[in-house]
2 protein chains.
Amino acid sequence: MQSFPMINGVLLDISGVLLDGDAVVPGAVVSVERLRFAGLPVRFLTNTTRQSKRKLVDQLRSCGIDAGVDEVFAPAAAACAFLAESGYAPHLLVHPALEEDFADCSRDGPTAVVIGDAGEAFTYQRMNSAFRALREGAPLLALARNRFFKDRDGGLSLDAGPFVEALEYAAGTRALLFGKPAAEFFVAAAGSMGSDLSATAMVGDDAESDVAGALSAAIGTGILVRTGKYRDGDENHVTPKPSLVVKDIGAASDFILQSRGS
Amino acid sequence: MQSFPMINGVLLDISGVLLDGDAVVPGAVVSVERLRFAGLPVRFLTNTTRQSKRKLVDQLRSCGIDAGVDEVFAPAAAACAFLAESGYAPHLLVHPALEEDFADCSRDGPTAVVIGDAGEAFTYQRMNSAFRALREGAPLLALARNRFFKDRDGGLSLDAGPFVEALEYAAGTRALLFGKPAAEFFVAAAGSMGSDLSATAMVGDDAESDVAGALSAAIGTGILVRTGKYRDGDENHVTPKPSLVVKDIGAASDFILQSRGS
């Protein structure tokens, strides 16, 4: 029988694990409560860039998940920190609802293109304007490079990744990634819990970005749930493979608590 | 001194070689006339998919370049032939002005996504609709995969290629290409002149798609002109390298005629 390390900290993807569109995934609220009751620190990680961090925290709370602002990790904050350190001003190709997360960024200095899941704001004109900035030497900062997400109509819809690829190909450049599966993103979230990477678990519905990404960043346990965007066999198309694949967040929590003998 | 083969047939890219936006490139009209006067068959190749073939021929003629309909090679016709042979009905993600070139295609049968340079018709909704068709198993047919073109404002603008890459990445598929640099495209055009590939010259402003593409398809001579989208040093970033790099279509014609002792 495969042995698993004891888990001392838990990273939870939001979309597809805790939330399904605007609704809460059955069992999510009680699962988070059980993890917290067992004394486990929890962090919420998302690559969703169609809303501000403020709205995201509000949404979790309105669903009954009590998330602290400092417990939520979203790529915009990491990109803002990079912009401040490096002296770049952002050229934003992001969803209008995310723009407030860049309100404090400098307006002066050389330009860096920041791309997120802009949704219907991915117009040809805005893509072209970003391309021209890249041609003039701006670096490309990607908040995510996910291929697709589970949309409100139940179907899969294009995420930021395809548009990142488009600009990379057009301008002959490579984006600097801030969200999952960037190792720094997982490491920062685990570090904020004081949890060793090897004793940390990541729970996600994206076999590639959430689970293989976490394991590649030396997170000890990567759990794939069969909710959200998950489709049969997703785990067969990624390397490394998930530590385990379970039905949903409830089953993931059961496993994590069992690893502690709780 | 490098020796060049004698040239018996000439393939001319249109945008950036003969036309610059709506204007004719200086020397283009007389260059085509000199080639024809020397008895050289000429074909016009384009990856431009923002207008129908009918409009393209009209535009050449209005500029004083007498092009026959059968002398113009555009990717839509090649894609239509493939659709007819394979029994697919097109799901069009193309510029509205190109749609008439698909008017005779079947509306029945399984779907194939056909993507060209749709320009401002590249909306998120249309990209997403194409993505969902690909997820359901439709093949992806690309009329071109050029990175950018020289736009009417003089700047470079996104061509079809970045959007092809986006859909390939999202759906985990690879497009079947119909325009340059597909070898079949060059071979069909050369074949229509009865010109051996080795005795054929291709003249283009795109180092990658026009010139390296033609040479990779066994076209004997690939001539890069420094007009249109050409930027200093483009020839250093492609393999194989152009046979020669010249100022414009006039200089290219001089060279071709000299190769024949004309």
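**Interface and sheet architecture of the predicted model**

The contact between the two chains (heavy atoms within 4.5 Å) takes 30 residues from chain A and 30 residues from chain B. The structure is a predicted model, in which local features need pLDDT of at least 70 and side-chain atom pairs count only at pLDDT 80 or more, whereas totals for chains, interfaces and linings use all residues. Residues are numbered from 1 along each chain as its sequence is written, chains are lettered from A and ligands numbered from 1 in the order in which they are written, and side-chain values use heavy atoms, with hydrogens and water left out.

Chain A and chain B bury about 2700 Å² between them, of which 57% lies on carbon and sulfur atoms; buried area is the accessible area (1.4 Å probe) that two parts lose on being put together, summed over both. A:Tyr124, A:Leu158 and A:Tyr169 supply 31% of the area that chain A buries against chain B, more than any other three residues.

Two salt bridges are counted between chain A and chain B, a salt bridge being a side-chain nitrogen of Lys or Arg within 4 Å of a carboxyl oxygen of Asp or Glu. B:Arg132 forms a salt bridge with A:Asp153, with the closest N and O atoms 2.8 Å apart. On the side of chain A that touches chain B, the elements giving two or more residues are helix H4 (124-135), strand E9 (148-150), strand E10 (156-158) and helix H5 (160-171) of chain A. Helices (H or I, at least four residues) and strands (E, at least two) are DSSP runs, numbered from the N terminus.

Over all chains, a search of the whole structure finds 30 salt bridges. The side chains of A:Arg152 and A:Asp22 meet in a salt bridge at 3.2 Å, N to O. A:Arg152 lies in the loop between E9 and E10 of chain A and A:Asp22 in the loop between strand E2 (19-20) and strand E3 (23-24) of chain A, so the pair ties together parts that are 130 residues apart in sequence.

In chain B, an open sheet of four strands has the order E6-E7-E8-E11, with parallel pairing; two strands pair if DSSP finds at least two bridges between them. Strand E6 (89-93) and strand E11 (176-177) of chain B stand at the edges, each with a single partner strand, so one side of each is left without a neighbour in the sheet. E6(B) and strand E7 (residues 111-115) of chain B pair in the parallel sense over five bridges, and B:Ala89 stands opposite B:Thr111 in E7(B).
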